[in-house]
Amino acid sequence: MAAVLNTVRAFFAQPTFKIDAENPSDVVAREALLDRVMGAERTKKSSEKIRRGRIPAEGLALVARDRKGHVIGTVRLWNIEAGVNAEGHAVDALLLGPLAVDCTVEGKGIGSALMRAVLQEAKQRGHGAVLLVGDAAYYERFGFFATKTAHLLMPGPFARDRFLALELVPGWLDGVAGMITASGRRLAQASKRKAA
């Protein structure tokens with residue numbers, strides 16, 4: 001009986017998801033997940049305006065997959081300039097978003113695992129700070145606070161109390177002020193064929 005119980009415990013102790021790099025075959029599943037979780041209005045947000053026409057920061061687009069390999073969560077980071085510093089130089093940073101987890105698997109730690117993985121990867125890649133617009137009560141557990149964004153602005157409307165930042169390098173955002181702008185790689189435009 002003990003052997004059977006140990007086998008059952010081992011089965012249920014296996015992770016129900018894994019964090020993986022996003023790949024091109026995940027695009028349809030990711031977009032469908034975002035539509036279900038965030039709704040059609042998601043494309044009208046200020047953060048989306050910054051992301052539109054851009055590619056996520058190198059190595060910083062992650063998904064969570066269930067045991068069958070289906071995408072059940074997503075997080076992406078985007079290259080931005082977070083205003084300028086006291087010397088007038090643009091400050092490189094990252095913009096998080098969106099973070100989403102399929103409603104059928106909420107509460108299983110998938111969102112937290114995605115956040116920890118992408119923040120660790122961003123730090124290992126030498127990035128200095130991550131900004132986002134989101135629920136302060138949720139993101140404070142990862143070290144995000146509004147104090148470092150007090151003098152920064154998003155393009156278009158945004159909720160000041162939901163505009164948060166995490167410094168991966170202490171002091172990275174000291175004295176920054178100005179508008180958040182996209183700075184990452186652009187999506188390649190399809191080349192137009194000339195008629196013969």
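**Entry 1: ground rules**

I am working with a predicted model, in which local features need pLDDT of at least 70 and side-chain atom pairs count only at pLDDT 80 or more, while totals for chains, interfaces and linings use all residues. Residues are numbered from 1 along each chain as its sequence is written, and side-chain values use heavy atoms, with hydrogens and water left out.

**Entry 2: the whole chain**

I looked up the secondary structure and found five helices and nine strands. Helices here are DSSP runs of H or I with at least four residues, strands are E runs with at least two, and both are numbered from the N terminus. Going along the sequence, I read the pattern α-β-α-α-β-β-β-β-α-β-α-β-β-β.

Next came burial. Of the 196 residues in the chain, 37% are buried (buried is under 20% relative accessible area, exposed is over 50%, partly exposed is in between, with a 1.4 Å probe and protein chains only). The chain exposes about 11300 Å², and carbon and sulfur atoms supply 56% of that area. These accessible areas come from the Shrake-Rupley method with a 1.4 Å probe, and for residues only the protein chains shown count as cover.

I also checked contacts, meaning heavy atoms within 4.5 Å. Among contacts with a separation of 6 or more, 70% are between residues 24 or more positions apart.

How many of the 14 residues of β3 are buried? I noted 11, so β3 is largely enclosed by the rest of the structure.

I then listed its pairings; two strands pair if DSSP finds at least two bridges between them.

- β2 runs antiparallel to β3 over five bridges, and L62 has V75 as its bridge partner in β3.
- β4 (residues 90-96) is antiparallel to β3, with six bridges; its D92 is the bridge partner of E81.
- β5 (residues 100-101) is antiparallel too, joined to β3 by two bridges, with V101 standing opposite G73.
- β9 is joined to β3 by four bridges, again antiparallel, and here T181 is the bridge partner of E81.

**Entry 3: R65**

I stopped at R65, which sits in strand β2 (residues 61-66). Is R65 buried or exposed? R65 counts as buried, because its relative accessible area is 7%. Its side chain makes a polar contact of 2.9 Å with that of D20. A polar contact is a pair of N or O atoms within 3.5 Å; within protein, one must be able to donate a hydrogen and the other to accept it, and residues adjacent in sequence count only if both atoms are side-chain atoms. Leaving aside neighbours within four places in sequence, I found R65 in contact with residues including F17, D20, N23, H70 and I72.

**Entry 4: salt bridges**

Side chains of opposite charge can pair when their charged atoms come close. I counted 13 salt bridges, each a side-chain nitrogen of Lys or Arg within 4 Å of a carboxyl oxygen of Asp or Glu.

I opened E22 and R76, whose closest N and O atoms are 3.1 Å apart. This pair links distant parts of the chain: E22 lies in the loop between β1 (17-21) and α2 (27-38), R76 in strand β3 (residues 71-84), and they are 54 residues apart. E22 counts as buried because its relative accessibility is 18%; R76, at 12%, is also buried.

Then I took K148 and D174, with their closest N and O atoms 2.5 Å apart. They too link distant parts of the chain, 26 residues apart: K148 is in the loop between α5 (136-139) and β7 (152-153), D174 in the loop between β8 (163-167) and β9 (177-182). K148 is partly exposed at 27%, and D174 is partly exposed at 47%.

Which residues do salt bridges that share partners join into one network? I wrote down E22, R30, E31, D35, R42 and R76.

My last pair was E121 and R125, at 2.7 Å between the closest N and O atoms. E121 is partly exposed at 25% relative accessibility, and R125 is partly exposed at 41%.
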